[in-house]
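Subject: Structure for your files

Hello,

Here is the structure we discussed. My notes follow below it.

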Amino acid sequence: MLDYAMSLRMGGGTCVRVLKFLIPATVVPQEAVVRAVSWLCVGKIAISTQVLFLRWVLTVFDMIDSKDHLRAIYGFIFSFVTEENLSPYICHLLYLLTRRESVRPFRVRKLLDLQTKMGRQPFLLHLLSLYKVFYPELVTLALPSRMRSGFKNHNSTWKVALSAVQKRNKVQVSSDISLTLRLKDKTNSRKRKLNHLELPSLSSSIQSNSSSSRSRKVFSLEQLHSFPQLLDNLHCIELPSQMGSLLGSSLALCYLDYVQDDSAFLRLNFWLGHALHEEFLFCSGDGGSGSSSEALHFLNRLLSTQHFLQEGFSSTEGFLYKFLNVWDGSLLRPQILGLLSDIPVVPSSCISQLLFEPLMQLFFTSTLFFKCSVIDCLNNMLLEWLTWHSVYALEDGLDISLNSHTPMNMTLSGFMDSVMELVRFVGRLATVGLQLEGCHCLLLSFILDFYETVCDMFLKYGLPLVVMPPAGVFYPALFATDPVSVDRLSYIMYRYKKNLTSAKCQQQETKQAFHISRQTCQEFNHYLLFMVSCLWNSKMFLPGMAIEVDQELLALSKVPEPWTSFDLIHHPAFLGCALDFHHKCWPERKDIDFNSIKAAKQWNWYMEFLFSQGFQGLQQFVQSSINRRSVAGISGQRGSQPTSR
Amino acid sequence: MEERNSTEETPRNNALAQRRSKSYRQSMRSCVEATHLAYTSGLLTALRIPRSRKAPKSCDITKQVDPDQVALLVKKEWQLSYVTPLYQFRHTQLKSYSKQLSAFIVSEKQQGLAIEVGQELGFKVNFSVVLGLAETDKDAETVFIQILSKQAFSAKDDAQKVVWSGWLTCVNGDLDYLRSLPLEFVSLPLFCTRGPESLTVLVKSWFEKTFDCCFGPLGINSTNLQWLASLWTGCHPTINIQYLKLVWTLPTLPPMDVTYTVHPQDAWELWDSMRQVDTTEDSISIDEVTGFIKGLQSHFFRHFRIDLSAGSLMQISTALGSSHHSGKIKIASPNYIPTILQLLTECALLKMPI
């Protein structure tokens, strides 16, 4: 039909009408288009008809089945560029067809001559900027910010008709063919004088266009629009001229994950380090505009990039060590602590000076919420280190250089030293923090989060290390006034027991040296004994226990039977539950007699009741550590000795 | 300032007693601002602020460097910046860089117009190498850039005039650091410019786009200004410095500027008296420098009851050159170029993020 129309067999008017009605149902065979172009070359068709034809081609461009023949006649199409009326459409068509091979110096020159004749036309500029992507050393240009991106859309009515036909035939609607160029996104905020936080725009590197690389097909990142495209061209993508631009899009980040080139990462680290230093450490010019929203956006973007790549950049690490020394603890706190938890494993020789000293200074002079945030941050850091270890560790030597970009060699024992240092440090922080804040339950909750990570280091992450919480954490948790803390502590003790027993078993089986000393076991036994005798056996404050209080002092307090005051009935955390249970059991009783709960049947019911309240940790602890002999009718002592080594 | 007696009576004991606490504070500050552990390609490179320097020797630099090129560098005031290492910068491709930079400048000045790289344009750029300034074999050769342009309303045949010039250099840079960089990177950390700010911005952005480097302002802090003052004063026997002028800014309301000009002979005698403490001839330590400045300050205090150490040193100048806190430097005599550039290169390297 196209041939028929273009050959003007029936005269110009009919041609126009036929063209207007040509809506393809499925695909347009490229041969038809090629033939039509050949009719164009003959020169008999009126200009307006030619324009119409070109507009038609642009409308149905996505439906042309394959474009190689069209590309083969690129030169012919190019020759039409000088016609004034046809120029915009020809440029648009060329834009869609251009490949690296099509860009030739003489074509560039012709377009530039056209520019001098026609002035600054946006369609010329767009085509030339595409040429610039392929060969930046031939032409350079700067697109003004106010220019509209993309070519003018002439074909809206046609497109509407096209999509209607396609919908009828249930064909997938073609996408908008006017490709938009990716301009640098101008932030609407006031223009900063020092724009080191602005991500550079993607541009292809001039360097790589040496004669050697011209032969192989190279795909520039600027043309990347979809993930399948990335996968197809993975082997021949060239790195952009400014590595910092890769942080701008998630597609580019996928590619960054794949890159192994050290120089590329060094470039990225230089740019990133420079931006961070200028903004936060050197504070020149603007006078420390740290609270601005651009800094916030930048750090958020950096955080999400690091989480996507699942490791931190080395320049972030270096920056943080310097920044911690001057940080006031409140500027962009969530972001800084988030970045801190992404730091890879620090060797134990310098961890104290680099990380612990500044954190200690900040910790002890800060608010409760900051303390909680720091404990949370260190917990995340530990989690990341443990995860990293469980994924990448080899038998005896840990070779970090494969996967992170700080090729420091670290052995297993070095790693364990660092972990040990970190856990001990948090223990010290927690002890003093709890004292300073009066055992605040929020802080206690974060600390118990940390120890939930620590207690499972062996079973969950395969690290043969068991570290007990210090006394300054254990006892405040045990005597806490909210039941959740006691429950969590019980869960932690239960997990410790599991880890220790399985470590002992493995040690006996494989005869490998584990870092579990007698002292650790002793500590554990000590804690366990105390906990059971306090909660279960109602033996508190008696001589020989960990906490001894003078009997006279106890007498002064006028508390009856002080040794029972922290068992599962009288403990301040569980007193409410005991009361509830008492009411349920003996609703008619007016006087509360807690000792009656201690009868055998009621005691079991009470335990069931407690477990049903959601105290899973307590349940697991009781089931694992306490052998319950049911002794009928004896009040006071319940249960038997807990199993211990 | 005439009185020589008072300069000799400068109480040095006081200076000693105060020095311990002040140096602690200085080292804390330097721990923050400059001394750091730099992770560079896996090596831990610690760049430390030097506590002693070699005494500047007068050298006839025209033996190493072309005198015309030396003339380009001296007697002009330069604004300083630091640059991170340049990726794939090749000294052999300077012609191509010239063409690209001139096309870039023209296209940026005329937004929306595409420019062919290589055609004759209103701006012409010259890249050239200044051989001989590099001291060690790890230093890259200095690169000098000039932008020429026809003046407005000039006749057709008038030659183009230099409207902007700048140079990238590295003199006696820290060897450990330079060795730790991979081969594709060229470190030329010091960037000196002179000319309209708009052109400076364009040149910097072209470098950033082409070589993936980052620019930042380089200031000269008061310690380094004191070093410069001492080094120049120490050159007095060889070449007459004619005056030693120091400018302080005091934090009063409104801020007060104090310009303190010292007779060169007095300054030199004070400096010499400081130097007798040290036995080795060749090196100057930071203590001597601080002692020298303290001497000047206490002399001023004796006469005007104003303690200059409460303010900050902003500018120093002698006949050999001048230097300002905001990062401006002027070298008047070609004989001491290597020493000055070495000090400035150190300042630039200390600003490197990694």
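**Helix α7 of chain A**

Ten of the eleven residues of helix α7 (residues 87-97) of chain A are buried, so this helix is largely enclosed by the rest of the structure. Buried means under 20% relative accessible area, with exposed over 50% and partly exposed in between (1.4 Å probe, protein chains only). Helices (H or I, at least four residues) and strands (E, at least two) are DSSP runs, numbered from the N terminus. The buried residues of α7(A) are A:S87, A:Y89, A:I90, A:C91, A:H92, A:L93, A:L94, A:Y95, A:L96 and A:L97. Their cover includes α4 (47-59), α5 (68-72), α6 (74-79), α8 (105-118) and α9 (122-134) of chain A, where contact means heavy atoms within 4.5 Å.

This is a predicted model: local features need pLDDT of at least 70, side-chain atom pairs count only at pLDDT 80 or more, and totals for chains, interfaces and linings use all residues. Residues are numbered from 1 along each chain as its sequence is written, chains are lettered from A and ligands numbered from 1 in the order in which they are written, and side-chain values use heavy atoms, leaving out hydrogens and water.

**Chain B**

Chain B has ten helices and 18 strands. Of its 354 residues, 50% count as buried. Among contacts in chain B between residues at least 6 apart in sequence, 71% join residues at least 24 apart. The accessible surface of chain B is about 16300 Å², with 51% belonging to carbon and sulfur atoms (Shrake-Rupley method, 1.4 Å probe; for residues, only the protein chains shown count as cover).

Regards
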